[in-house]
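Dear colleague,

My notes on the contacts between its chains and on two parts of its fold follow.

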Amino acid sequence: MAVAFPLAGRTRAHPVPLAWRTITANRWRLARSSAGIGFAVLLMLAQLGFENAFFNASLQVLRALDGDIFLQSVHKYQFATQDPLPISLLATAKAVPGVASAAPLYADWYDLFWKSPRDGKSYLVRGFAFDPKTPVFTLPDVNAGSAQLQTPGAVLTDRRARRFLGMDQDARQSEINGVKVEIVGQFALGPDFVSDGTVMMSPATFASLMHGAAGNPPGIALGVIKLASGADPNTVLKALRKALPTDIAVMTKDRLIAFERAFQADVSSAGPIFAIGTIVGFVVGMLISYQITFTEVSDQLPQYATLKAIGYPTGYLMRVVLEQAALNAAAGWIPAWLLSLGLYRLIGYIALLPMRMSPGITFISLGLTLGMCLLSAVIAVGRVIRADPAAVF
Amino acid sequence: MTALAWRILTDDKGRTGLALAGIFMAILLVFIQLGLFFAVPQGGMLLYDHMRFDLLLVSNQYEYQAQPGAFPASRLAAARSSPDVAQATPLYFGVVKWKSGVGDVWPDLFVISFDPGSDVLTPPSIINQRAALMRPDTILVDSATRPMFGPIEAGRVVDIDDRKQTIAGQYVLGTGFMGLGVALFSEANFARLLPHRGLAMVNLGAIRLKPGVDPVRAAADLQKLTGPDTQLFSRAALARRETSYWTTRTSVGLIFGSGLLISIVVGIMVVYQIVSTQVSRQLPQFATLKAIGYGDSALAGTVAVMSLLIAIAGFAPALAAAALLYDEIREKTLLPVTLSVSHIAEVFAAALVMAAISALLAVGGLRRADPADVF
Amino acid sequence: MGAMIAEPSAPAAAPVAAATTEPVVTVDGLNHFYGEGAARNQVLFDNRIEVPPGDLVVMTGPSGAGKTTLLTLIGALRSVQQGRIEVLGRDLSRLSPHGLVEIRREIGFVFQMHNLFDALSAYENVKMAMQLGHQRPDQMRRRGSEILERLGLGHRIDYKPRHLSGGERQRVAIARALVNGPRLVLADEPTAALDRDSTRKVIDLFKAMTIEHDAAIIMVTHDYRIIESADRLVHMVDGRIVSDVVLHDAMRICEFLRAIDLFRTLTPTQLTDVAEKMKKRQYAAGETIIREGEPGEEFFLISDGEVDVVRADHEVARLGRGDFFGEVALISGEPRNATVLATEPLDAFVLGKTDFQSAIETSAPFRDQLYRVYFSRH
């Protein structure tokens, strides 16, 4: 498209929008090509959405943590493993200058059996416990309900948990590990690939459910540190590392999330699985787009040759074909993107996956769509370049 | 009709090539999604596929293989007392810390404990090496155990829950959804490692029936002996149960299921796009045929044959590519993606359905062929 | 001798006045080949043609004669292989591909197939050409409508080609070719799809182009309605230009000749033969055309203007349009018996001695008539 339109200076005002007219002339054909490209785009959007949801499902609980710096065992390679730390660490951390608070998060993935109000059967759920006076989540529902967690046996449940857990029902009571619990509120988090649902409670309730003991549980999963206002995170990070034993990993929230993401990516192969789907969508889209552009170009070949004959440079014609491809891309992408919002909602609702449209997915899908259409147009444009203006006579 | 369809397709080789490429990609996509869709329950079935049993006795808390709940060993003894039962072998599961990971990492190890004297686990590499498990604190480790566990070499001594264990060798079974690493323990070593856990609670009871006993009837009879806190599955019932768990209780089924659905729609769009362009390009010829007295159905038949030819021609290379890609996916994801005859038949059926639907859509364009337009 | 310029007088108010006397197209020694090596096939043989501004040249000939090839070469749509083509003062063989594209913008092309964009309205199709020209964007609509109106498409300006008849589409294509006021128009069977009325409109517009814009038009056509209006008729056979007739003059000569007793008995074919051999020549006012006592070499027919015939300084006659002189010396073989002076700018058709003599041989009564005329004048 580097070939400048030589007379542009004089005619720029309103040149005939040839590509636009060509695309919009035949509505039936436009609908057909839009559907063809659109479904390929939808396929890519679905794959990108799944990939995003896969990681988001694992990461959303970490994102919901309300802290600046986190402490966990160096032996921990994944959030959903038990590598408890002694709670005494928090006192050490709190003494470090710049630390405003150091709160414990207790967590368990493998020992809490929740009795579903729906079918009365028991299912494994994830449990979090924290001191109701120092909430560690940013989830508003959790913080609103945290005061009521002081009552022994009080729990908050996840209304986005998988349906069979019955947490979306209005039950006020249930059992965990055979012990009666009081449901004092709900929050929205959703399942991930380890757990189907989550309950939150006070450390005392947690200890009694887990170990049948009163008082605090023996170890914490995560130390949640908030910085005093004005404190430099790096300085505090270094100070904490110095103050704490070497088997304690001290990391920022970003690092914590990146660490989990790296593990999921390494272990799950979600990346390659969804990449295959995206690539296939791209190739299929390219084929469809090539077919469309090729047909459009062949049908208008005499017209293009005529334009060449009357003095349009080849560059102009290439630009028109590429513009057509870009318009086709837009005509396929826009409905597909809108449709994907519905698809995401539907799958998000059915699968309880955090399927969310993001600027990243929007731009990547738009880029891929433009890429596949322009790439196929570049292949198809050869016919226009080779169109012989002498052949029109 | 077939001849005409064939002529139209071979006449415009470039366009037909494009159609083939399109349907090839679409079918390949269906293969991938279907492969992944079934790979997950197959991953769940991995251990069972390598276990010898006619009936499986499990807790009524049973979720899936790696989360089966537990039942008292006495239930298995009760089953053993039945005249139908030839053998009843317990398996014990546990999750422990492998403290010899790469770096400071302590990955969770899934432990399967069984009587090394029994042949309940069938992989030859287990049968051949199981005698080693009789030695104290000696284990066999699954060859698919992740690299973060460090090298899995015979003779390496590792720290598992603060107890030194010697790796006797690797066996080939697969980790499935049990965890990142799996190891086999003898019952004695297991009890030594997890003294609180002990052997009083059994996770799986592998029951072998005497020859000629009907598993379904035996299951009903045994249920009376083992009590309401247990349940019994025949192999077929277990396969149904696992498949249903993975496809309905997790997101996996939905993800690949919807991927499958979209790929079929995309396949339809590709074939439709190409066939309908062919039709509209050949519209005058079709109109001529109409003018000389061909019926709509004959022309529709031609379009249908065109679609079918494209679908069938695209299927074979897609099958070949899928076979290659499955190997790749298996290696990358450790999912047991396998090309079974039933998958091939299903995908072929999907290809035919795609062709049929796209033909149906393209025939709509054919109706625009007006015989009066010829003149 | 006067300047040998075979062009009709240019209108005084020609908008492109510069270099109007320079030929718009000069083709010299043009050979062209298709294919390579053994398959090489010559399609044009030593073509020569010169087209001045304002000429409507019609090319005829059987298909495969090379008309279209010649047209595409002149139109800078093919590269020149051998020989020279100058278009609008530029040597095509020396132009870069970019230069060829540039020069094509100054040529109006009318193709046999209209090749309009189905997606664009009649006006937009015309605008596609205007974008390449010198129209100001705010004038385009007015200019486009104007030319479409002149072609009888005023009510179809915003119609898509799908809603136009074949003839209307062709007229849109013609409007596209002419809208930038090109100084050269190349057309291939432009009226093939047109009815009588449309053809009339198209011809009028073409003629107007030659007059108002001093444009040269080269057209391949077999439509005699156009041939009637043509200035020149170029006939090609097998890649050669076999005749290049200034058609308008030949017909005028025939008309004149038919009125002269001398030639009355000639058949139309014989008349045309004579006419085609006559050359047009211009003389300034006061110029001597033949001088008494000189040997006679040519026969003259006055196309326009007046002459005095002077013998021994006495004016013996004044001759005007349609009159002739110079025949006596050719018939008698004697020197000129009088001097002839142009009293005002003179257009004359001139026939050489040999051609004149072979013409009068054509019919037996001719010589007698000629003598009778000769003696009656003395």
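In what follows, two residues are in contact if their C-beta atoms, placed from the backbone, lie within 7 Å. Please bear in mind that this is a predicted model.

I begin with helix α7 of chain A, which spans residues 233-243. Its buried residues are A:Val236, A:Leu237 and A:Leu240; a residue is buried if 20 or more other C-beta atoms lie within 10 Å of its own. These three lie on the same side of α7(A), because they cover an arc of only 105° around the axis. The exposed residues A:Asn234 and A:Lys242 are carried by the face of α7(A) turned away from its buried side. As for the cover over the buried residues of α7(A), it includes the strands β1 (69-73), β2 (99-115), β8 (222-227) and β9 (248-252) of chain A, together with the helix α4 (88-94) of that chain.

Strand β14 comprises residues 307-311 and runs antiparallel to β15(C), to which 5 bridges join it. Within this pairing, C:Asp308 stands opposite C:Arg318 in β15(C). Strand β15 (residues 314-319) of chain C is hardly covered, and the count of buried residues among its 6 residues is 0.

The contact between chains A and B takes 35 residues from chain A and 36 residues from chain B. On the side of chain B that touches chain A, at least two residues each come from α2 (13-44), α9 (251-281) and α11 (296-333) of chain B. The most is given by α9(B), with 15 residues. By residue class, this side of chain B divides into 22 nonpolar, 11 polar and 3 charged residues.

Between chains A and C, 24 residues of chain A are in contact with 25 residues of chain C. Two or more residues of the side of chain A that touches chain C are given by each of α2 (18-25) and α10 (301-309) of chain A. Here α10(A) gives the most, with 5 residues. This side of chain A consists of 16 nonpolar, 7 polar and 1 charged.

With kind regards

Key:
Residues numbered from 1 in each chain as written. Chains lettered and ligands numbered in written order. Predicted model: local features only at pLDDT ≥ 70, side-chain atom pairs only at ≥ 80, totals over all residues. Helix = DSSP H or I, 4+ residues; strand = E, 2+ residues; numbered from the N terminus. Nonpolar A, V, L, I, M, F, W, Y, C, P; charged D, E, K, R; others polar. Buried ≥ 20, exposed ≤ 12 C-beta atoms within 10 Å, placed from the backbone. Arc of directions from axis to C-beta. Pairing = 2+ DSSP bridges.
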